[in-house]
Amino acid sequence: MTHSEGDGGVSGPSLMFAATPLNTRNHRLQWLFRALFGLMTLILVVPVGIIFGVLLVRGGPAISFEFLFSYPSDGMTAGGIWPALVGTIWLVAVSLVASVPVGVAAAIYLSEYASDSWLTRGINLAIINLAGVPSIVHALFGVGAFVIFAGFGTSILAASLTLAVMTLPLVIVATRESLQAVPMAFREACWNMGATRWQTIRTVVLPNAISGILTGVILSVSRTAGETAPIMFTGAAFFFPFLPTSVFDQTMAMAMHLFVISTAVPGAPDELKYGTALTLITLVLLMNAGSIWFRSYLRGKKKW
Amino acid sequence: MVEAPTLAIDIQNVSLWYGDFQALFEVDLQVKRGSITALIGPSGCGKSTLLRAVNRINERLGDYVRTTGEIHVLDQDILSDDVELSQLRRHVGMVFQRPNPLPLSIRDNVLFAHRIHRADEKFNKLEEDEIVENALRRVLLWDEVKDRLGREATGLSLEEQQKLCIARLLPVKPTVLLMDEPTSALDPKATAALEELIWELHGDYTILIVTHNMAQARRASEETAFMLLGRMVEHRVTEQIFLAPQEEETADYIEGRYG
């Protein structure tokens with residue numbers, strides 16, 4: 001024991017750094033919480049895995065070129081999903097065209113221009129509430145506002161606008177958050193060089209917030225493609241074996257189609273239902289993957 | 001011929017309120033053209049507020065900020081309603097505590113203000129190249145960055161960033177440079193380099209610099225103004241204020257009895 005000095009030589013230098021009962025208890029607690037949080041994460045992931053697994057196993061065999069690109073036949077107990085697939089893309093596209101410009105503009109106003117007053121606080125509260133409105137209520141609003149009052153009839157336009165109203169809060173909140181994440185110092189720098197608010201927003205704030213804005217868009221795409229209630233009365237048809245030619249046509253949609261063949265068509269084979277669900281999920285995943293790739297590409301260019 | 005004004009900044013009887021809180025009390029300050037004046041005083045004494053009143057950047061907070069009194073820059077009343085803030089800020093540039101280059105390339109940073117204030121949309125690459133080189137040479141940064149003008153400015157060292165923040169003001173030919181503790185985020189070596197640069201710039205530009213660093217005020221300014229609790233206590237030639245302060249409060253502060 002050449003190292004033990006000044007400690008009465010009890011049992012070497014390691015004694016000083018040996019674990020006390022308190023340390024042991026802390027370690028045990030730490031381990032417990034780590035296990036607990038890990039378990040919760042697992043619980044979260046398991047349903048997702050099962051859903052995908054089941055859809056793949058039971059719906060996978062149904063997927064074919066034929067299934068994707070042909071019309072339903074035999075009273076929707078056979079054939080494909082082509083009009084529903086095209087219809088969903090129409091609905092998503094038109095609703096994005098409506099919700100993204102409005103949502104981004106509103107968020108810019110709220111975050112960059114508006115001062116903090118009872119009015120802006122009220123607007124923020126309204127946006128949060130809008131996010132909490134059940135989708136069937138949006139559907140009824142859509143019928144009243146777009147189908148009847150605006151006179152669009154049951155059409156892609158009415159359905160997409162209803163979806164846009166529903167996804168606006170997602171876009172606004174995501175945009176506002178990402179605008180506010182741009183450091184204030186950049187704005188200060190611009191203003192102090194005589195830049196107007198708009199010049200500041202265009203040259204510095206928006207380019208640095210774009211990846212966050214895309215997150216909002218991704219979220220709204222997923223919701224738009226998957227919602228059934230808002231389009232049920234406003235534009236989605238039970239069975240409409242044509243491809244839409246304009247926004248004033250009715251259309252089939254994947255979510256609606258899945259709902260219909262699962263509940264209202266006796267004798268529709270399960271394979272067809274699982275195949276439709278798998279296609280819907282894959283479509284959403286593909287769109288998300290595209291935007292996520294684009295987002296990380298933009299993030300890679302940003303350095304601060 | 002009209003004689004050029006000798007005062008770059010003339011602040012008279014300025015009071016300023018943030019809501020109900022009065023931050024400045026009847027402050028007077030005259031800054032001679034081409035000189036360096038240091039503003040010193042304990043935290044919260046109103047130095048930065050006074051600085052920010054000179055380019056009216058305080059007003060971004062809206063009606064919450066109220067200013068009375070008179071501020072003239074080169075004999076022009078800047079508190080008047082017909083002052084275009086964009087023009088004011090072009091002539092009165094600001095450098096901040098933390099270097100805040102924009103998340104753009106070095107070149108685009110230097111050209112930012114120039115592009116904002118350029119009347120015609122056409123741009124001439126040769127002209128821009130010349131502007132970038134002149135500005136960067138003026139702040140002694142050209143040799144270090146000339147080969148990487150396209151790189152992100154946020155990747156530079158803090159010293160280089162702060163020099164860049166000064167360089168980007170120069171292309172629009174400002175009269176006054178306001179500096180709010182420009183070296184407080186820098187290490188001693190970078191601080192010395194910055195002080196040297198500031199000293200080198202005065203004459204061509206009038207510099208009003210807020211500092212917490214007594215030694216800096218003493219080294220790098222011609223005149224020093226001491227503020228306390230929103231009031232101007234003493235303003236004299238730097239040597240005099242440090243060697244023989246007239247007011248007891250100034251002496252106490254300089255000797256480090258509070259602050």
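Modeller: Let us start with strand 6 of chain B and strand 7 (residues 176-180) of chain B, which run parallel and are joined by 4 bridges. Strands and helices here are DSSP runs numbered from the N terminus (E for strands, at least two residues; H or I for helices, at least four), and two strands pair if DSSP finds at least two bridges between them. This is a predicted model, in which local features need pLDDT of at least 70 and side-chain atom pairs count only at pLDDT 80 or more, while totals for chains, interfaces and linings use all residues. Residues are numbered from 1 along each chain as its sequence is written, and chains are lettered from A and ligands numbered from 1 in the order in which they are written.

Colleague: Which residue stands opposite Met94(B) in strand 7 of chain B?

Modeller: That residue is Leu178(B).

Colleague: Are the two faces of strand 6 of chain B covered or uncovered?

Modeller: In a regular strand the side chains alternate between the two faces of the sheet. In strand 6 (residues 92-95) of chain B both faces are covered, with Val92(B) and Met94(B) buried on one side and Gly93(B) and Val95(B) buried on the other. A residue is called buried if 20 or more other C-beta atoms, placed from the backbone, lie within 10 Å of its own, exposed if there are 12 or fewer, and partly exposed in between.

Colleague: In what order do the 4 strands of the open sheet of chain B lie?

Modeller: The order is 2-1-4-5, with antiparallel pairing. Strand 2 (21-32) and strand 5 of chain B are the edge strands, each pairing on one side only. Strand 1 (residues 7-18) of chain B pairs with strand 2 of chain B over 8 bridges, and Trp17(B) stands opposite Gln22(B) in strand 2.

Colleague: Why does Asp75(B) count as exposed?

Modeller: Asp75(B) counts as exposed because it has 12 C-beta neighbours inside 10 Å. Asp75(B) lies in the loop between strand 4 (65-73) and strand 5 (76-77) of chain B, and it has a positive phi of about 70 degrees although it is not a glycine.

Colleague: How many residues does each chain give to the contact?

Modeller: Two residues are in contact if their C-beta atoms, placed from the backbone, lie within 7 Å. The contact takes 21 residues from chain B and 17 residues from chain A. Helix 2 (85-91) and helix 3 (106-117) of chain B each supply at least two residues of the side of chain B that touches chain A.
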